[in-house]
Amino acid sequence: MTTLAEQAVGSFRNRLEGRLVTPDDADYDQVRSLWNGAIDHRPALVARCAGPEDVATALAFAREEHLEISVRGGGHSFSGASVCPDGLVVDLGDMNRVEVDPEARTVRCGAGANLGELDAATQAYGLAVPGGTVSHTGVAGLTLGGGMGWLTRRHGLTLDSLLAADVVLANGSFVRASEDENPDLFWGLRGGGGNFGVVTTFTFRAHPVGPEVHVGLFFWDMGVSADALRLIGHVVPGLPRATGVLMGVGMNAPPEPFVPQEHQGKQGHALIVAGFGTAEEHAEALAPLADGIPPLFELRSPMPFTGLQRMLDESAPVGILSYDKGLTYSELNEDVIALLDEYLPRKTSPMSFCPTLHVSGAYTDPDEDATAFGGLREPMYVMSCSAMSPDPDTLVADIAWARALWTELTPHAANVGGYVNFMAEFEEDRVRRSYGPEKYDRLARVKATYDPENVFHRNANILPAVAI
Ligand code: FAD
């Protein structure tokens with residue numbers, strides 16, 4: 001552990017409006033813990049920042065003391081990069097205020113808020129910002145990498161609804177990024193992750209949503225796996241724009257009241273379709289499913305939008321041990337189906353599976369280079385090979401399973417790099433492939449302008465372009 005002079009730490013503490021947590025504090029273990037319980041990093045200091053000035057103070061202290069810096073929004077990444085061993089964590093968790101302007105349909109969201117907090121504030125006015133599928137995920141990391149969930153087909157990625165961001169740069173200066181101010185930074189922030197600075201506030205456009213939505217859930221067991229995947233692959237791409245689609249490929253049916261008791265624990269494929277139109281429109285959208293193999297069980301129900309947003313929270317509990325490797329593919333073809341059929345029964349933990357979003361509609365509206373988002377703006381399946389278990393040995397087995405499945409699927413991938421927010425490890429070649437050469441080079445130039453010393457490197461890292 002880095003040894004820091006008590007006096008320097010004391011003076012740093014006095015300069016912070018927020019709280020400085022050290023290994024001597026009773027809540028140190030709680031403060032440094034992450035969603036991914038497999039990560040056990042012991043930082044030297046955690047600065048629980050109260051505002052942008054605290055962020056600048058923390059960055060200055062880290063530079064003076066030559067400390068590694070990590071930036072923590074919601075602490076919900078697979079990689080655990082937001083808590084650095086021996087370094088200083090710039091923790092934004094207390095900066096979680098969400099202010100909605102219902103007339104302008106805009107939202108100012110503190111970088112420490114999670115999706116549940118953002119939804120609660122916006123739904124009070126019948127509005128929503130497109131987010132993810134698990135409500136305890138942080139808004140910050142999710143937005144900066146992309147942000148896809150139930151509303152992606154209707155309203156695009158989270159970053160497509162970003163209007164502006166307030167940022168503290170590595171040198172401590174405060175800048176605003178929007179279409180009109182520092183547009184190069186604004187472009188880079190929308191997909192380039194935490195590479196350029198610490199975002200303290202996001203301003204989003206909000207959209208009228210709910211408060212009630214319609215949900216259809218269908219589950220087929222592994223006995224009919226190939227036919228079920230063929231049906232899903234046939235129906236899902238044609239679903240209307242006003243639907244959100246998530247598949248639980250290879251999942252075990254959870255012990256939830258909506259699963260008939262005799263089917264709980266069975267492995268199979270779940271398809272969940274959320275409808276944002278009327279009940280009739282939803283029924284019409286789901287009708288083609290009746291032409292294929294019947295599901296083992298199904299459920300159709302209206303529910304509050306906030307309920308939909310929390311529906312999967314229990315399947316990914318805080319502190320679970322986890323690993324993830326993702327990729328995207330354009331179609332659920334026979335080769336992909338055969339590989340899934342072969343590999344899915346080989347997992348060890350009932351919690352491991354392949355959550356898969358289908359993105360299309362509004363997701364494909366922006367031009368490919370309108371933002372730095374690393375992925376093709378084409379209809380596609382965004383899949384995670386996700387290992388999850390409360391037990392370390394089972395996790396090790398399923399990490400090997402996830403990597404093997406990922407490797408086998410890569411020849412069929414639309415983007416082998418996959419979505420940066422689903423990376424548990426940041427292999428440099430995969431980061432480059434996620435963005436593609438042109439976007440990566442443009443990001444490298446933005447990086448050279450705003451963080452030339454690569455202070456913010458605990459992420460899907462963009463190396464600063466070297467001036468020639
Ligand atoms: P953190 O761990 O706090 O941050 C991750 C990284 O983001 C940091 O290392 C840092 O580099 C950067 N960062 C964070 N805050 C800031 C900031 N304020 N300024 C600058 N950089 C910052 N993604 C989706 O798109 N859709 C989903 O449905 C979805 N579901 C998920 C479900 C689970 C169970 C998990 C674990 C993840 C899911 N994700 C999803 C991925 C999620 O978007 C990323 O893990 C994201 O990084 C989480 O953000 P965070 O702020 O909580 O994480």
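Six residues gather in a patch of negative charge on the surface: Asp-367, Glu-368, Asp-369, Glu-378, Glu-438 and Asp-441. A patch here takes residues with over 30% relative accessible area and no salt bridge, with like charges joined within 9 Å. This is a predicted model, where local features need pLDDT of at least 70 and side-chain atom pairs count only at pLDDT 80 or more, while totals for chains, interfaces and linings use all residues. Residues are numbered from 1 along each chain as its sequence is written, and side-chain values use heavy atoms, leaving out hydrogens and water.

**The charged patch**
- Asp and Glu count as negative, and the place of a charge is CG of Asp or CD of Glu.
- Asp-367 sits in the loop between strand E17 (354-359) and strand E18 (380-389); helices (H or I, at least four residues) and strands (E, at least two) are DSSP runs, numbered from the N terminus.
- With a relative accessible area of 56%, Asp-367 is exposed (exposed is over 50%, buried under 20%, partly exposed in between, using a 1.4 Å probe and protein chains only).
- Those areas come from the Shrake-Rupley method.

**Helix H8 and what covers it**
- Helix H8 (residues 225-235) has these buried residues: Ser-225, Ala-226, Ala-228, Leu-229, Leu-231, Ile-232 and Val-235.
- Their cover includes strand E12 (212-221), strand E13 (243-252), E14, helix H11 (334-343) and E18.

**Leu-239, in a loop**
- You'll find Leu-239 in the loop between H8 and E13, and this residue is buried at 8% relative accessible area.
- Leaving aside neighbours within four places in sequence, Leu-239 is in contact (heavy atoms within 4.5 Å) with Arg-153, Val-245, Val-273 and Ala-285.
- Gly-145 is 94 residues from Leu-239 in sequence, and their C-alpha atoms are 26 Å apart.

**Gly-275, in strand E14**
- Gly-275 belongs to strand E14 (residues 267-275) and is buried, with a relative accessible area of 3%.
- Not counting residues up to four places away in sequence, Gly-275 touches Val-213, His-214, Ala-242, Thr-243 and His-282.
- Between the C-alpha atoms of Gly-275 and Leu-405 there are 31 Å, and the two residues are 130 apart along the chain.

**Thr-201, in strand E10**
- Thr-201 is part of strand E10 (residues 198-205), and its relative accessible area of 13% makes it buried.
- Beyond residues up to four places away in sequence, Thr-201 touches Arg-108, Cys-109, Ala-164, Ala-165 and Asp-166.

Terms used:
Patch = residues over 30% accessible without salt bridge, like charges linked within 9 Å, V, L, I, M, F, W, Y side chains within 5 Å. Areas by Shrake-Rupley, 256 points an atom, 1.4 Å probe, with all protein chains shown as cover. Salt bridge = Lys/Arg side-chain N within 4 Å of Asp/Glu carboxyl O.
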